[in-house]
Amino acid sequence: MGVEPTPTIHALPLRSADFSSLAETLDYAAEGETGVNFYTGRGELQAALSYGELRRQALVLARRLAGLGLDRGARAALVAVTGPDFLRFFFACQYAGLVPVPLPVSIRLGGHGAYVSQLRGLLEGCGAAVAMAPAGVLKFLEEAVGDRIALHTYGGPETFDALPETDVPLQPLRADEMAYIQYTSGSTRFPRGVVITQRQVLSNLGSIIRHGLQVTERDRCVSWLPYYHDMGMVGFVLAPIGAQRSVDYLDTHDFAMRPRRWLELISRNRGTISFSPPFGYELCARRVSEEDAARYDLSCWRIAGVGAETIRAETLERFAQALAPAGFRPEAFLPSYGMAECSLGISFTPIGRGLAVDRVDADHLAGEHFAQPADAGTARVGGFIKCGPPLPGHEVVIRDGQGRPLPDRHAGAITVRGPSVMSGYFEQPDLTRASLSEDGWLDTGDVGYIADGEVVITGRKSDMIIIRGRNIWPQDLEYLAEQQPEVRPGDASAFSVPRTDGGEVVVLVVQCRVADAARRAALVRRMHRLIHETLGIDSVIELVPPHTLPRTSSGKLSRSAARRDYLQRLEEAERSGGGVEAALGG
Amino acid sequence: MRDYEEILAEIYQGLQDSGQDRASLTEDTELVGDLGLDSVQVMEMLLEVEDRFNISIPVNILADVVTVRDLARQIQRLTGD
């Protein structure tokens, strides 16, 4: 093919996203030689695109989009398949004054119907005026639109490339206008579109580049993270452009199938910055053999970022051990804390430190909400990863149930204020008011404390479940159960519990009146399959007799009480020697 | 294009190698529903299929694969290109 990857080093002086819009950010990066590179699951370079070429193509497309006569700020829904087309459309929107909305590519085994309804919910949620999906995924988009959603134009890239170019002057999105809308969960019934302005995202990019990662002119990024996730989009599309660095991309699905390709790519292209939720490191640790490790040279990997879900030291230590022969340095681990509601980053650990675990008295923390450092006499020790100080310009305050600030080491609700915090959830004023105070404090939904000036996360206050870096709403799981003929509304409760090997697993407790064993087994299998098709996650399904699920005084189901009861049943079953299986109705 | 029966036999073999009971496998067996494959096992199965048949499975076809028969038909199509 003769395709060459874009270079790591070029003559253009590094600027840290000190621009007023994403359009200007690409304008500057386009003056250099760096760009983006796309690799196949077999490790071949499929396409390379310099930022200069990306800008040229995006401007042509912007002039075609401008000819559609859409309102300024109209939403363009883009199915975010990893590849040049998404980037071209994303920036064409920036130049044409349209707001791009990345849509997920969540295609699972047997999940045709579930994916179509997810797309439909998101198209409706963002009020899309136009929508684009590349070949292969287009049929799902077409089905989702059908005759139910009125769009101005939708189709594959070629549909838009066939539009005439207009010569009206382009008016790129400005600092105080939206930069994009980011959907934070795959929920069909509860989509939450985070609205981020140009100023907000650029402030976060600047802080990440200058302080969080201290990007230099020798850095090269590698990523398999999906473009529809904040870490993939803001962290590995926008930040590299903001710092004029080259990126090597691997499709998320290819990574899931062949995780070692990620390490090969870093090794081969001398990548220096790459992030993953903990499960990515876990997948690699499981697959990498000693011979593999001997073939890689990961000594170039300066920042191995970790975030998006609960971090456990053991998972990362296993990875570091397996990859030590490849020259991987554990000091490269950089735990971070962030969320789409704050553009991306809230806090980063100091560079070159690696993991720092705060060891505390677990019983004291659970009972008194105070993180007492553990000593020799502590009966039960809990270890939490320190996630670094907040980025400059951002304040993190821990609060009690009444919203009063708490001192150091007192656990409570984590709230954040600063220039990267979102404007709100798109057209959801109630949701926005519930998360964002009038004076700008974002309630993150996480619980934690501050120790030595660093953010430490201990759990979640809201019922949202995080699996493999993805946000999952328990309501979606409960709804799936309630749709079954054997189950009645209010008969299901969903939550997550830690797995023995790290990470979390979803548990769905379902009240069931069916007595026949075969019918019960069939129900469990069917729900397991539906959850897999809809959300792409594994689940434990427990059938329990009616009136088992605990309710609050007002008669509402309590997920936290259901979780506590479940763990208790599990413990009793283990104690009585019946094993875990006996505790599960399946 | 490869013979359907031959593809089917190889799928059965692959599933058996990963610990499934051959006697309970039919063309109607649901990969996730009946075999209870978790997400990592699904990926491992697809990887095995790609390597065995020397094909690359586009992610979009997975949406219509529920049973062993669905998988065999997709492989047959992909090996025919």
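This is a predicted model: local features need pLDDT of at least 70, side-chain atom pairs count only at pLDDT 80 or more; totals for chains, interfaces and linings use all residues.
Q: How compact is chain B beside a globular protein of its length?
A: The C-alpha trace of chain B spans about 30 × 25 × 20 Å along its principal axes. For 81 residues the globule rule gives 12 Å, and the radius of gyration of chain B is close to that, so chain B is as compact as a globular protein of that length. The radius of gyration itself is 12 Å.

Q: What share of the residues in chain B is buried?
A: A residue counts as buried when its relative accessible area is under 20%. Chain B has 81 residues, and the buried share of them is 49%.

Q: Which element gives the most residues to the side of chain A that touches chain B?
A: The contact takes 25 residues from chain A and 28 residues from chain B. Across it there are twelve residue pairs in polar contact. On the chain A side, the elements giving two or more residues are α5 (138-145), α9 (252-257), α11 (278-287) and α17 (517-535). With five residues, the one that gives the most is α17(A).

Q: Where is A:Arg525, and which residues of chain B does it touch?
A: A:Arg525 is found in helix α17 of chain A. At 37% relative accessibility, A:Arg525 counts as partly exposed. Its contacts, leaving out residues up to four places away in sequence, are B:Gly33 and B:Asp34.

Q: Which residue of chain A forms a salt bridge with B:Asp64?
A: Seven salt bridges cross the interface of chain A and chain B. In the one formed by B:Asp64, the closest N and O atoms are 3.6 Å apart, which is within the 4 Å cut-off for a salt bridge. The partner is A:Lys139.

Q: Is B:Asn60 buried or exposed?
A: B:Asn60 sits in the loop between α2 (39-53) and α3 (68-80) of chain B. Leaving out residues up to four places away in sequence, B:Asn60 touches A:Ile107, A:Gly136, A:Lys139 and A:Phe140. Its relative accessibility is 16%, and the cut-off is under 20%, so B:Asn60 counts as buried.

Q: Which residues are joined with A:Arg42 into one salt-bridge network?
A: Within chain B, B:Arg69 and B:Asp28 form a salt bridge whose closest N and O atoms are 2.8 Å apart. B:Arg69 lies in helix α3 and B:Asp28 in the loop between α1 (4-17) and α2, so this pair ties together parts that are 41 residues apart in sequence. Elsewhere, salt bridges that share partners build a network with A:Arg42, and the residues it joins are A:Arg258, B:Glu50 and B:Asp51.

Q: How many residues apart in sequence are the parts tied together by A:Arg526 and A:Glu486?
A: A:Arg526 forms a salt bridge with A:Glu486, with the closest N and O atoms 2.8 Å apart. A:Arg526 lies in helix α17 of chain A, while A:Glu486 is in the loop between α16 (474-482) and β24 (492-498), so the parts they tie together are apart in sequence by 40 residues.

Q: Which helices of chain A hold A:Asp292 and A:Arg260?
A: The side chains of A:Asp292 and A:Arg260 meet in a salt bridge at 2.9 Å, N to O. A:Asp292 counts as buried at 7% relative accessibility, whereas A:Arg260 is partly exposed at 31%. The two residues are 32 apart and sit, in that order, in α12 (residues 290-295) and α10 (residues 260-269).

Q: What is the phi of A:Ala17?
A: Most residues other than glycine have a negative phi. A:Ala17 lies in the segment before α1 (22-29) of chain A and is buried, with a relative accessible area of 4%. Although A:Ala17 is not a glycine, its phi is positive, at about 50°.

Methods. Residues are numbered from 1 along each chain as its sequence is written. Chains are lettered from A and ligands numbered from 1 in the order in which they are written. Side-chain values use heavy atoms; hydrogens and water are left out. Contact means heavy atoms within 4.5 Å. A polar contact is a pair of N or O atoms within 3.5 Å; within protein, one must be able to donate a hydrogen and the other to accept it, and residues adjacent in sequence count only if both atoms are side-chain atoms. Helices (H or I, at least four residues) and strands (E, at least two) are DSSP runs, numbered from the N terminus. The radius of gyration is taken over C-alpha atoms; the globule rule is 2.2 Å times the number of residues to the power 0.38. Buried means under 20% relative accessible area, exposed over 50%, partly exposed in between (1.4 Å probe, protein chains only).
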